[in-house]
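Please look over the sequence and the model below before reading on. The report that comes after them is meant to be read with both in view.

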Amino acid sequence: KDRRPAPPPPMTPPILDRFWAAMDRNWKAVLAVLIGIYLITVWPCLHDSYRMDGDNLGYSFLARSIVRLHAFVQIHLAGLPPVVQWGFGYPLLLAPAEWLFPGNVFAFKLVSVFSFCGAIVFIFLFFHRVETPPFAWAATALAAFHPVLFDFTHDALAQSPYLLFLTASFY
């Protein structure tokens, strides 16, 4: 009797590969153009400074704290008090940018921009799956250029990565 182990079950392709393969070539081009227009539009907003009215600096200090192995403390305050107002997720996403480009505000903003580009892809894939392609395109364009969402993409704020992970969770 043959005692060889049974072959492992076939692996399912990654989520994006499945939906990307099911999408028409023309709609892939439309999505690429939409993301390209978004990047051209957001590029002038990316400058090496922060607005001082948000949580930008707090997140960057926390990322620096993680990189410098001070744990999760407010390194900009005397006594290194622990953080109580922000979660650890977004500073942890910013930590590689702080490690590679210490103190570079532009690198932090790129995390938000690329997170939003990923969210645009997931928004398109979601609506492409549940609606007609023209509706998917329109909904994606509305999300990509919505003034409130657009405002959050050119600062180092947690809204864009949150939107990315939220839309990715649909799959």
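This is a predicted model: local features need pLDDT of at least 70, side-chain atom pairs count only at pLDDT 80 or more; totals for chains, interfaces and linings use all residues.

Residues are numbered from 1 along each chain as its sequence is written, and side-chain values use heavy atoms, with hydrogens and water left out.

**Overall fold**

The protein has eight helices and zero strands, so that its elements, read from the N terminus, run α-α-α-α-α-α-α-α. Helices (H or I, at least four residues) and strands (E, at least two) are DSSP runs, numbered from the N terminus. Of the 171 residues in the protein, 37% are buried; buried means under 20% relative accessible area, exposed over 50%, and partly exposed in between, with a 1.4 Å probe and protein chains only.

| Helix | Residues in the helix | C-alpha span, end to end | Expected span |
|---|---|---|---|
| Helix 5 | 26 residues | 38 Å | 38 Å |

Which residues of helix 2 are buried? They are W27, L31, L34, I35, Y38 and V42. Seen down the axis of helix 2, these buried residues fall within an arc of 95 degrees (taken from the directions from the helix axis to the C-beta atoms), and they therefore line one face of the helix. As a general point, an α-helix has 3.6 residues a turn, so residues three or four places apart point the same way. On the face of helix 2 turned away from the buried side are the exposed residues R25, N26, A32 and I40.

K28, also in helix 2, is partly exposed, with a relative accessible area of 23%. Its C-alpha atom is separated by 9.9 Å from that of V121, although K28 and V121 are 93 residues apart along the chain. C117 is found in helix 5 (residues 105-130) and counts as buried, at 9% relative accessibility. At the start of helix 5, a side-chain oxygen of N104 reaches to within 2.9 Å of the backbone nitrogen of F106.

**The salt bridge**

Where does the one salt bridge found in a search of the whole structure lie? The side chains of E98 and R64 meet in it, at 3.3 Å from N to O, a salt bridge being a side-chain nitrogen of Lys or Arg within 4 Å of a carboxyl oxygen of Asp or Glu. The pair links distant parts of the chain, since E98 is in helix 4 and R64 is in helix 3 (residues 56-67), 34 residues apart. Side chains of opposite charge can pair when their charged atoms come close. Both E98 and R64 are buried, and for E98, which lies in helix 4 (residues 89-100), the relative accessible area is 3%.

Key
The expected span of a helix is 1.5 Å times one less than its number of residues. A polar contact is a pair of N or O atoms within 3.5 Å; within protein, one must be able to donate a hydrogen and the other to accept it, and residues adjacent in sequence count only if both atoms are side-chain atoms.
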